[in-house]
Amino acid sequence: MANLKTVSKKSKAQSMGMHTEVLTGRTQQKFFNPDEAENFYYFGTYDVDFNKRTELDVKDMTAPEANKEIDNLMSQGYGTIVIKNPQGKHSLGVGILNKLNLIFEGSLGYFGMGSCDGPIVRINGRVGWSCAENLMAGKVVIEKNAGSCFGAAIRGGDLICKGSVGARTGIDMKGGTIIVGGDAGAFTGFMMQRGRIIILGDVGINLGDSMYDGTIFVGGEIGSYGSDAVDAELTKSDQDWLKRKLKVAEIGENFDVSKMKKIVAGKKLWNYDNLEPTEKKGAI
Amino acid sequence: MCGIAGLIHRGKSSNVGSELQGMLQALKHRGEDSTGYALYGDTDGKNFIMRFKVGENVGEGSSSVMEDVSVYDERKKIVDETLAEMGAKIVKEERTLPYSLRYEIDYNVKDLLEFSQRIESIPGVEILSMGKSLEVIKDLGNAKMVCDRYSLDKVVGTHAIGHARMATESGVDIKSAHPFWGYPFSDVSVVHNGQLTNYWNNRRVLENKGMRFMSECDSELIAVYLAEKMRDGATLEEGMKASLTGLDGVFTYFVATKDSLGMAKDTMAAKPLVLYESDDLVAMGSEEIAIRSVLPQEIDTYDPFDGEVKVWQI
C-alpha cells in the first residue's frame with residue numbers, strides 16, 4: 001500500500017473522481033480486487049485447527065484480559081475454545097475475525113460477541129443487551145434468553161436465540177438472519193434495512209417500525225405493526241427457506257411454517273441497492 | 001445512565017444490606033455520584049423508624065453549599081422539640097454523620113402527612129424515610145463507600161432496593177439521590193432508571209392536589225405519583241399500571257412496600273432490566289452482573305418485556 005502521507009500523484013480513486021481530498025494521518029483505503037482475493041485477509045487473524053481444543057476460565061479476568069487471552073490462544077492455533085465462568089461479564093468475545101469454535105459455559109452480559117466475522121459460537125446461557133452487534137459472518141447460538149437490541153446492525157451470519165428476546169431485536173440490521181425460538185419484545189425489526197428475522201413466538205408492539213427493507217416472519221401473535229410495516233404473501237419458496245433455516249438452526253424443526261405471517265416494508269426507497277460489505281466479500 | 005437493583009427473599013430473612021451492596025457495587029460503572037439503599041429490616045414493628053437529614057454532604061463533588069455543623073445541631077434541636085410537641089417519644093437516637101440521623105419513635109401516628117409536614121417545615125430538614133420496617137440511606141459516593149459509612153452490611157431483612165446514580169437531571173446531592181420515600185405513605189420507596197419528560201406538568205398537577213416534592217429530580221415524580229394514586233384508593237399494582245401511560249419518557253423503576261416488591265417498565269422498553277425469579281428469591285438489576293454478585297452459579301434470567309408490571313410478596 002502506498003504511503004498515504006506522501007502521496008503526490010493522483011491515486012486510482014482520485015482519477016475516478018471519488019476522492020479529491022489529501023489524505024493524512026491514519027486513514028486507510030482498501031480496494032477489493034478479484035485478482036487479489038487470495039491476498040485479502042484481516043490483520044490479526046490466525047490459522048487455527050478446529051481439533052485443537054482448550055479451556056479458559058475467565059472468572060477472575062476482566063473482559064479485556066479474557067478477550068486478549070482468546071486472541072492469544074488463537075495465535076497458538078487453537079480452533080476450539082471453551083470459556084468457563086463468564087458470569088455475565090460484558091463485551092466478551094468481541095472483535096473475533098477468525099474462523100473459530102467458541103463455546104461459553106454460562107451467560108454473557110452486554111455487547112457479547114460484538115463486531116465478529118466468522119466464528120461459530122454457542123452460548124450455554126443467557127446474553128444481555130446488544131448481543132452480536134455488527135456481526136458480519138458466522139453463527140451465534142444462545143441456548144437461553146437474550147436482552148434487548150439482539151443482533152443490532154448485523155450485516156451477515158446467523159444469530160439464533162432458543163429462548164425469548166427483548167425489545168428492538170434486529171434494529172438497523174443490514175443482512176444476515178436472526179432466529180428466535182420464543183417471544184420478542186417491542187420494536188422488533190426497527191429500522192431494519194436488509195436481512196431476515198424469524199420469530200416463532202409472539203412479538204410486541206410496533207413490529208417492523210420504519211423498516212426500509214428485509215423480511216420478518218412471525219409464528220405467534222403480533223402486538224401491533226409499526227409504520228411502514230405491511231403483510232406480504234408467504235410463498236412456497238419462503239416456506240422452503242424457513243424449514244431449511246429452522247432445521248439448520250436446530251430450532252423449531254417441527255414448526256408449522258405455513259401458518260407464519262410475513263411482514264415487509266410497505267414503501268419503496270430509491271438509491272437503495274448498494275452492496276453491503278458481506279456481499280462485497282461474496283462477490284470476490 | 002444509572003443503575004438499579006433489588007431483591008426480595010420470600011419466606012425468610014437474609015443479610016440484605018450486604019447483598020444489595022454487592023449488587024450496587026457491581027453497577028458502579030453506571031454512576032457513582034451517589035448511592036442509595038432502601039432496606040426493609042427485621043423489626044418488632046412497634047416503633048416508627050425515621051431517617052432524616054438536617055443538611056447535605058458538601059464533600060465528594062457535591063453541588064451543595066457548605067454549612068457550619070452548628071446549623072445542623074440547631075436544626076436537630078428544633079426537630080426534637082417538634083417531636084415532643086406532637087407527643088412523639090424518641091426511643092433510640094443515632095447520629096451516624098453530622099447531617100444524617102436515625103430515630104426510633106414511639107408515637108401513635110394518625111396522619112403521616114401532617115406529621116411529615118411539621119417536621120419538614122423546619123428549614124433544611126428532610127425526612128428520607130418513615131416506616132416500621134423501611135430505612136432509606138443515601139449519600140454521595142459508590143455503594144461500598146455508603147455501605148461502610150453507615151455500616152449497612154449487617155442489616156438483616158426480607159427485601160431491599162437500591163440505586164447507583166449518575167446525576168443528569170439535577171445536582172449531586174442527597175436530596176436528589178434515590179431511593180425516594182413514597183411520602184406520606186409508611187414504608188413505601190422507589191428507585192428509577194431513565195428520564196421522565198412530563199415531570200413539570202405532572203408536578204404542577206400533583207402539587208395542586210397537595211402532594212410534596214423535595215427535589216427537582218424527575219425520579220421523585222414516580223414516588224409522588226404512586227403515593228397520590230394510593231391516597232385515592234388504588235392498590236400499588238393499579239398505580240404502577242396507571243403510571244405506564246401517566247408518565248411519559250423512558251423508565252424502569254422498582255417500588256417496595258413493607259411486604260412487597262414491584263417493577264415496571266415503560267412501553268418502549270428503553271431501559272434495561274434483568275430478572276431472576278425462583279420460589280424463594282427474586283433478584284433484579286440493570287445488568288446481569290448485579291444478580292451474579294448474589295448468585296454466582298449459572299441461573300436462568302430474562303428481560304421483562306415492554307409495558308410489564310410485576311409485584312412479588314415476601
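Which residue in strand 5 of chain B is the bridge partner of Glu93(B)? The partner is Tyr103(B). The model is predicted: local features need pLDDT of at least 70, side-chain atom pairs count only at pLDDT 80 or more, and totals for chains, interfaces and linings use all residues. Residues are numbered from 1 along each chain as its sequence is written, while chains are lettered from A and ligands numbered from 1 in the order in which they are written.

Strand 4 and strand 5 (residues 100-106) of chain B run antiparallel and are joined by 6 bridges. Strands pair if DSSP finds at least two bridges between them. Helices (H or I, at least four residues) and strands (E, at least two) are DSSP runs, numbered from the N terminus. In chain B, 4 strands form an open antiparallel sheet, in the order 4-5-3-6. Strand 4 (89-97) and strand 6 (126-131) of chain B each have a single partner strand, so one side of each lacks a neighbour in the sheet.

The largest nonpolar core holds 83 residues. Such a core is a set of buried Ala, Val, Leu, Ile, Met, Phe, Trp, Tyr and Cys residues joined through C-beta atoms within 7 Å. A residue is buried if 20 or more other C-beta atoms, placed from the backbone, lie within 10 Å of its own. Helix 6 (residues 220-231) of chain B gives the most to this core, with 7 residues. Another core, of 75 residues, lies apart and includes Met74(A) and Leu100(A).

Chain A has 4 helices and 11 strands. Of its 284 residues, 47% count as buried.

Methods: Buried ≥ 20, exposed ≤ 12 C-beta atoms within 10 Å, placed from the backbone.
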